[in-house]
Each structure stands twice: as C-alpha cells, then as structure tokens.
Amino acid sequence: MVHLPRGYKGLVGGELGELEQGILLQQYVGKTRAADLAPHWRGCNFELRENKKAGRVVLLYSTEWDSEASAAQYFAAYREIMRKKWKSMTIASEEANALTGTGDDGRFELRRQGAVVTSVEGLDPAIH
C-alpha cells in the first residue's frame with residue numbers, strides 16, 4: 001500500500017464479501033464475468049481516509065483471490081471498473097501488474113502482487 005501524507009484520518013473501513021464483489025463486477029463488467037470471477041474471492045478490506053484541510057478522501061482497497069490467475073482476471077476487471085465509474089481516466093504508467101494515473105477523484109494506483117489486488121484512489125494529483 002501507499003503511504004499517505006500526514007493529516008489523513010480514518011473515516012470508515014471494513015470488509016466486503018463475495019456478494020458485494022459479485023455486485024460490483026456485475027454492475028461494471030457484466031453478469032457472466034461476475035459469475036465466473038466472484039466465487040474465486042477470498043477476502044477484501046477497504047478504508048476511507050480523509051484529509052479535511054486538503055479536501056481529499058482516499059480509498060484504500062485490497063482484495064485476495066484463490067489464485068494468481070484469478071487475481072490477474074480481477075486486476076483486469078477492476079481496471080475496467082475504474083474506467084467506467086469515472087468520466088475521465090488518464091493513465092500515467094501501465095505494466096502487467098501495475099497501473100497508475102488520474103481519475104475524477106485524483107491520482108490512483110492499482111497493483112497486483114500474487115493473489116492480492118490493491119487500489120488506492122483519490123490521491124492528490126500534485127503529489128507523486
């Protein structure tokens with residue numbers, strides 16, 4: 001995960017289950033793809049952190065899958081989810097297991113390491 005600058009406080013956090021993953025996938029990548037991928041989910045945590053002074057809310061999101069192959073499929077699906085949920089998405093760098101850029105809420109970092117996919121969304125675009 002990325003280290004956030006000082007001033008960020010936790011707003012809310014928790015876990016999402018297979019049902020929520022399925023709903024998210026179905027909404028953005030279709031029923032068939034959701035039905036194929038969601039059962040491979042093994043865990044998910046999220047946290048929203050806010051910096052009131054900077055006027056920013058950052059989403060820290062992490063999912064674990066039953067295999068690297070399932071995680072790679074989710075990485076591709078989540079890339080598509082981000083593209084569809086924002087009006088604009090600009091890619092700064094793209095590798096097989098990492099994608100960075102900016103979306104409607106600020107800078108993002110999407111990464112896959114083994115069977116884990118992480119996303120940080122809403123970072124200050126001016127800070128790299």
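Which residues form a nonpolar patch on the surface, and about how much accessible area do they have together? In this predicted model, Leu 11, Val 12 and Val 57 make up that patch, and together they have about 230 Å² of accessible area.

**The patch and its surroundings**

- Leu 11 belongs to strand β1, and its relative accessibility of 46% makes it count as partly exposed.
- Leu 48 is found in strand β2 and is partly exposed too, with a relative accessible area of 27%.
- Setting aside neighbours within four places in sequence, Leu 48 is in contact with Leu 11, Val 12 and Val 57, and also with Lys 9, Gly 10, Val 58 and Leu 59.
- Leu 48 and Gly 13 are 35 residues apart along the chain, and 6.1 Å separates their C-alpha atoms.

**How the strands pair**

- Strand β1 covers residues 9-15 and strand β2 covers residues 41-51; the two are antiparallel and share six bridges.
- Within this pairing, Arg 49 in β2 is the residue opposite Gly 10.
- Strand β2 is also antiparallel to strand β3 (residues 56-65), and here 10 bridges join the two.
- β2 and β3 make a hairpin, with four residues between the strands. In that turn, Gly 55 has a positive phi of about 70 degrees.
- β3 is joined to β7 as well, in the antiparallel sense and through six bridges. One of the pairs here is Leu 59 with Glu 121, which lies in β7.
- How enclosed is β3 by the rest of the structure? Seven of its 10 residues are buried, so β3 is largely enclosed.

**Helix α3 and what covers it**

- Helix α3 takes in residues 68-85, which is 18 residues. At 1.5 Å a residue the helix should span 26 Å, and this agrees with the 25 Å between its end C-alpha atoms.
- Which residues of α3 are buried? They are Ser 70, Ala 71, Tyr 74, Phe 75, Ala 77, Tyr 78, Glu 80, Ile 81 and Met 82.
- The cover over these buried residues includes two helices, α1 (18-29) and α2 (31-37). Strands contribute to that cover as well, including β3, β5 (98-103), β6 (106-113) and β7 (116-123).

**Salt bridges**

- Side chains of opposite charge can pair when their charged atoms come close.
- How many salt bridges does a search of the whole structure find? The search finds nine.
- Glu 80 and Arg 33 form a salt bridge through their side chains, at 2.8 Å from N to O. Because Glu 80 is in helix α3 and Arg 33 is in helix α2, this pair ties together parts that are 47 residues apart in sequence.
- Glu 80 also makes a salt bridge with Lys 84, where the closest N and O atoms are 2.9 Å apart. These two residues are four apart in helix α3, so about one helical turn separates them.
- Taken together, Arg 33, Glu 80 and Lys 84 are linked in a salt-bridge network.
- Another salt bridge links Glu 109 with Arg 111, the closest N and O atoms being 3.6 Å apart. Here Glu 109 is buried, with a relative accessible area of 15%, and Arg 111 is partly exposed, with a relative accessible area of 36%.

Methods
Residues are numbered from 1 along each chain as its sequence is written. This is a predicted model: local features need pLDDT of at least 70, side-chain atom pairs count only at pLDDT 80 or more; totals for chains, interfaces and linings use all residues. Side-chain values use heavy atoms; hydrogens and water are left out. Two strands pair if DSSP finds at least two bridges between them. The expected span of a helix is 1.5 Å times one less than its number of residues. Buried means under 20% relative accessible area, exposed over 50%, partly exposed in between (1.4 Å probe, protein chains only). Contact means heavy atoms within 4.5 Å. Patches are made of residues with over 30% relative accessible area and no salt bridge: like charges are joined within 9 Å, nonpolar side chains (Val, Leu, Ile, Met, Phe, Trp, Tyr) within 5 Å. Accessible areas come from the Shrake-Rupley method with a 1.4 Å probe; for residues, only the protein chains shown count as cover. A salt bridge is a side-chain nitrogen of Lys or Arg within 4 Å of a carboxyl oxygen of Asp or Glu.
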